[in-house]
Amino acid sequence: DFTKEYFTMTEQDAADYAKIVLQFFQEDAELTCKEIGDGNLNYVFKVVDERNNMSVIIKQAGPVARISDEFKLSPDRNRIESEILGFQYKLAPGFVPIVYNYDPIMNCCAMEDLSDYEIMRAALMKHKKFPHFADHISTFLVNTLLLTSDVVMGHKEKKELVKTFINPELCEISEDLVYTEPFYDCQRNDVFEGSKEFVRETIWSDNKLALEIAKLKFEFMNNAQSLLHGDLHTGSIFIKEDSTKVIDPEFAFYGPAGYDIGNVVANLIFAYANAKFTIEDDEVRTDYLRYIESTINDTINLFNQKFLVAWDEKATERVARYEGFKEYYLDTVLRDTSAVAGLELLRRTVGLAHVKDITSIQNPDARVQAEKFVLTAGKNFILNRESIKTGEDFVNVFHAVE
Ligand code: ADP
Ligand code: MG
Ligand code: MG
Ligand code: MG
């Protein structure tokens with residue numbers, strides 16, 4: 001019985017649920033179901049009716065994280081995910097999956113099956129190229145970030161959304177894992193043996209860096225600027241040649257716009273580091289590194305262009321028209337973007353949650369080199385954030401690191 005009380009579904013349960021509750025398939029359909037989740041928190045079921053070539057995805061949030069029951073988490077995150085996907089579908093049409101249903105008892109949502117796409121992190125690790133990504137993601141970022149801000153949205157309407165997407169538990173995860181634990185010798189960190197000394201000397205012993213981290217943590221907690229995705233790494237992006245879809249926005253809340261943009265940039269740099277330290281052929285490596293550099297360059301420059309155009313077209317707030325304000329505001333978003341790119345590079349290397357781009361590097365010396373590369377770039381993104389504004393500026397930060 002799916003209508004009374006929450007329970008964690010098995011594959012069979014999910015197939016029954018799709019047929020009985022969703023009525024997504026014909027009554028006599030023969031369904032197969034597989035749990036395909038690979039994330040840290042939730043269960044993802046793919047239910048297929050092969051004969052009629054139909055399928056649906058059911059994502060269920062449990063009361064604890066999938067990686068460890070040490071993380072107790074409100075299943076309300078599934079409501080947040082369902083609602084923001086519906087909302088982003090209107091703001092940025094074509095860039096998120098369709099949600100068919102949200103179920104507050106089973107804490108699950110049903111959505112469009114995107115199995116004909118590839119998770120971007122996996123594709124980049126195979127050194128594939130996606131020439132339209134910068135164009136797609138910059139549109140997604142401008143539409144979801146600027147259009148949910150006080151520049152465009154009515155201020156009372158925006159405050160209602162701030163309430164809808166109040167997300168204290170998932171915010172706490174980011175406050176701890178991104179902004180706190182990586183910056184001291186915390187038990188929960190996971191530092192690769194060969195990188196320990198470097199982390200101790202360049203991250204944990206740097207008081208100047210610590211002060212900047214403190215400022216940034218308070219910026220994250222107190223700047224309710226835009227409705228963020230909140231977890232926009234390349235594992236939250238489904239991609240194919242001519243289409244990009246952003247999934248998994250359960251960390252959504254009102255925070256600094258640069259948070260999402262910075263996560264995209266940092267995760268492209270992880271792909272860069274993977275290529276830099278694993279591709280042996282000089283020509284192939286150089287070619288792929290140029291591709292990632294131009295993708296980062298274009299993402300930032302297209303974001304800047306589209307942001308200014310959308311501001312002129314859509315701003316409703318009177319003071320937003322004052323001369324110089326638009327440029328000032330965009331500068332603050334780019335400053336935060338740079339800082340968050342740095343934070344993500346550091347926390348995915350020092351903290352609890354790592355990225356495969358780095359952990360899959362088999363040769364321990366190469367892995368240490370890759371880690372020193374992203375740590376050095378990360379620190380520079382944070383410390384020099386006031387002067388990093390154009391696509392070229394962003395590329396120069398890591399291009400210069402050996
Ligand atoms: P988590 O919140 O646990 O990280 P995700 O939403 O990232 O869960 O989904 C985990 C995995 O499930 C994805 O990496 C992808 O392989 C698969 N998946 C999620 N949503 C879909 C979808 N709409 N279509 C196809 N596969 C999906
Ligand atoms: Mg995920
Ligand atoms: Mg995932
Ligand atoms: Mg998730």
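Domain bounds in this description come from an automatic or database domain assignment. The structure is a predicted model, in which local features need pLDDT of at least 70 and side-chain atom pairs count only at pLDDT 80 or more, whereas totals for chains, interfaces and linings use all residues. Residues are numbered from 1 along each chain as its sequence is written, and chains are lettered from A and ligands numbered from 1 in the order in which they are written.

The protein chain is assigned domain 1 (11–111) and domain 2 (118–399). Their centres, taken over C-alpha atoms, are separated by 27 Å. To the contact between them, domain 1 gives 16 residues and domain 2 gives 20 residues, two residues being in contact if their C-beta atoms, placed from the backbone, lie within 7 Å. On the side of domain 1 that touches domain 2, nine residues are nonpolar, four polar and three charged. In this classification Ala, Val, Leu, Ile, Met, Phe, Trp, Tyr, Cys and Pro count as nonpolar, Asp, Glu, Lys and Arg as charged, and the others, Gly among them, as polar.

Ligand 1 lies between the two domains, because domain 1 (11–111) and domain 2 (118–399) both give residues to the shell around ligand 1. A residue is near a molecule or strand if its C-beta atom, placed from the backbone, lies within 6 Å of it. There are 22 residues around ligand 1, of which Gly 39, Asn 42, Val 44, Leu 114 and Asp 248 come nearest. The shell consists of nine nonpolar, seven polar and six charged residues.

Secondary structure follows DSSP: helices are runs of H or I of at least four residues, strands are runs of E of at least two, and both are numbered from the N terminus. Two strands pair if DSSP finds at least two bridges between them. Strand β2 (residues 43–49) is largely enclosed by the rest of the structure, because five of its seven residues are buried. A residue is buried if 20 or more other C-beta atoms lie within 10 Å of its own, exposed if 12 or fewer, and partly exposed in between, with C-beta atoms placed from the backbone. Strand β1 (residues 31–35) pairs with β2 in the antiparallel sense over five bridges, and Leu 31 stands opposite Asp 49 of β2. β2 is also joined to strand β3 (residues 54–60), by seven bridges and again antiparallel. Val 44, one of the residues that come nearest to ligand 1, has Lys 59 in β3 as its bridge partner. The hairpin of β2 and β3 has four residues between the strands, and in this hairpin Asn 53 takes a positive phi near 55°.

Helix α2 (residues 77–91) contains Arg 79, which counts as buried because it has 20 C-beta neighbours inside 10 Å. Leaving aside residues up to four places away in sequence, Arg 79 touches Tyr 102 and Pro 104. Asn 107 is placed in the loop between β4 (99–103) and β5 (108–111). Although Asn 107 is not a glycine, its phi is positive, at about 50°; with 23 C-beta neighbours inside 10 Å, it counts as buried.

An open sheet of three strands has the order β6-β8-β9 and antiparallel pairing. Its edge strands, β6 (118–119) and β9 (243–246), each pair on one side only. Two bridges link β6 to strand β8 (residues 237–240), and Ile 119 has Phe 238 in β8 as its bridge partner. Between β8 and β9 there are four bridges, with Ile 239 opposite Thr 244, and a hairpin joins these strands through two residues.

Val 96, in the loop between α2 and β4, lies 149 residues from Lys 245 in sequence but 4.8 Å from it in space, C-alpha to C-alpha. With residues up to four places away in sequence not counted, the contacts of Val 96 are Leu 85, Gln 88, Tyr 89, Lys 245 and Val 246. Val 96 is buried, with 27 other C-beta atoms within 10 Å.

Asp 248 occupies the loop between β9 and β10 (253–255) and is among the residues that come nearest to ligand 1. Asp 248 has a positive phi near 60° and is buried, with 23 other C-beta atoms within 10 Å.
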